[in-house]
Amino acid sequence: MTEHISISNLPLERWEELKQMRIQGVKAEHLSFARTAEELESDTEENWRKRCAWRIGLDHKEWLVIELNGKPIGYVMISVGEPMKLRHVGYINGMYISADYRNRGLGGKLLGEALRRLKENNVIKVRLEVIVESVPAVTLYKRFGFEVLGTFRKEINSDGSYYDEFVMEKFL
Ligand SMILES: CC(C)(COP(=O)(O)OP(=O)(O)OC[C@H]1O[C@@H](n2cnc3c(N)ncnc32)[C@H](O)[C@@H]1OP(=O)(O)O)[C@@H](O)C(=O)NCCC(=O)NCCS
């Protein structure tokens, strides 16, 4: 069967799919995301619909969802600085590919599209934070030209243990 891959915003009426995928992500990779499943589960339908509606050019942030044959299998959240003097700075706020679909280049496709959208919105450099232990993510970001600027020590507190994060940056 030929595989059809699309990367886009989910329409508002599919907000629950974004919610379920986010919850799946934080449960499977609790170190990689700042939010907990409980925080996401208790959030309102109105807020989930809003997230689907965000557009980088208007709202300074946007969720992009990657679908394989119509099924959401991952996401990335991108944003730009809100004050005028920071509008040229873009961020990758979080990225996830469902475990069954990893290591086939889909994360790379999603990241490529995220960077394309940021550049299209006048961003000249992109920054992100990633937990030091997330070797596949760090490998992927380095492949795309992100460099480690430094380390935020004990940045994530998960279940009473502290974890360091790399700050990475890339000029577009
Ligand atoms: C990071 C993530 C999105 C990558 O998705 P993916 O679809 O597997 O991405 P790709 O297949 O395009 O690339 C993965 C890269 O990781 C590398 N990789 C995978 N496992 C690895 C390991 N144990 N050690 C070193 N590199 C590894 C792959 O070789 C590949 O690099 P390459 O293309 O240079 O060979 C996915 O692993 C994920 O969702 N991880 C959990 C959440 C997370 O860490 N998110 C980032 C936080 S901001």
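The model is predicted: local features need pLDDT of at least 70 and side-chain atom pairs count only at pLDDT 80 or more, while totals for chains, interfaces and linings use all residues. Residues are numbered from 1 along each chain as its sequence is written. Helices (H or I, at least four residues) and strands (E, at least two) are DSSP runs, numbered from the N terminus.

**Stop 1: helix 1**

Select residues 15-28. Colour Leu18, Met21, Arg22, Gly25 and Val26, which are buried. Among the elements covering the buried residues are helix 2 (37-41) and helix 3 (45-53).

**Stop 2**

Seven of them form an open sheet in the order 1-2-3-4-5-7-6, with mixed pairing; two strands pair if DSSP finds at least two bridges between them. Strand 1 (5-8) and strand 6 (147-158) are the edges, each with a single partner, so one side of each has no neighbour in the sheet. Strand 5 (residues 125-131) runs antiparallel to strand 7 (residues 161-171), joined by seven bridges. Select leucine 128 to find methionine 168 of strand 7 opposite.

**Stop 2: helix 5**

Select residues 106-120. Helix 5 lies across strands 1, 2, 3, 4 and 5, at about 35° to strand 3. Axes are lines fitted to C-alpha atoms, for helices over the stretch in contact, and angles run from 0 to 180 degrees between N-to-C directions.

**Stop 3: isoleucine 78**

This residue lies in strand 3. With 27 C-beta neighbours inside 10 Å, isoleucine 78 counts as buried. Its contacts (C-beta atoms within 7 Å) include Ile56, Leu64, Tyr91, Ala114 and Leu118, leaving aside residues up to four places away in sequence.

**Stop 4: the ligand**

Around the ligand are 21 residues, the closest being Arg102, Gly107, Gly108, Pro136 and Ala137; a residue counts if its C-beta atom, placed from the backbone, lies within 6 Å. Strand 4, helix 5 and helix 6 (135-143) each give two or more residues to this shell. Helix 6 gives the largest share, six residues.

How values were computed
A residue is buried if 20 or more other C-beta atoms lie within 10 Å of its own, exposed if 12 or fewer, and partly exposed in between; C-beta atoms are placed from the backbone. Two residues are in contact if their C-beta atoms, placed from the backbone, lie within 7 Å.
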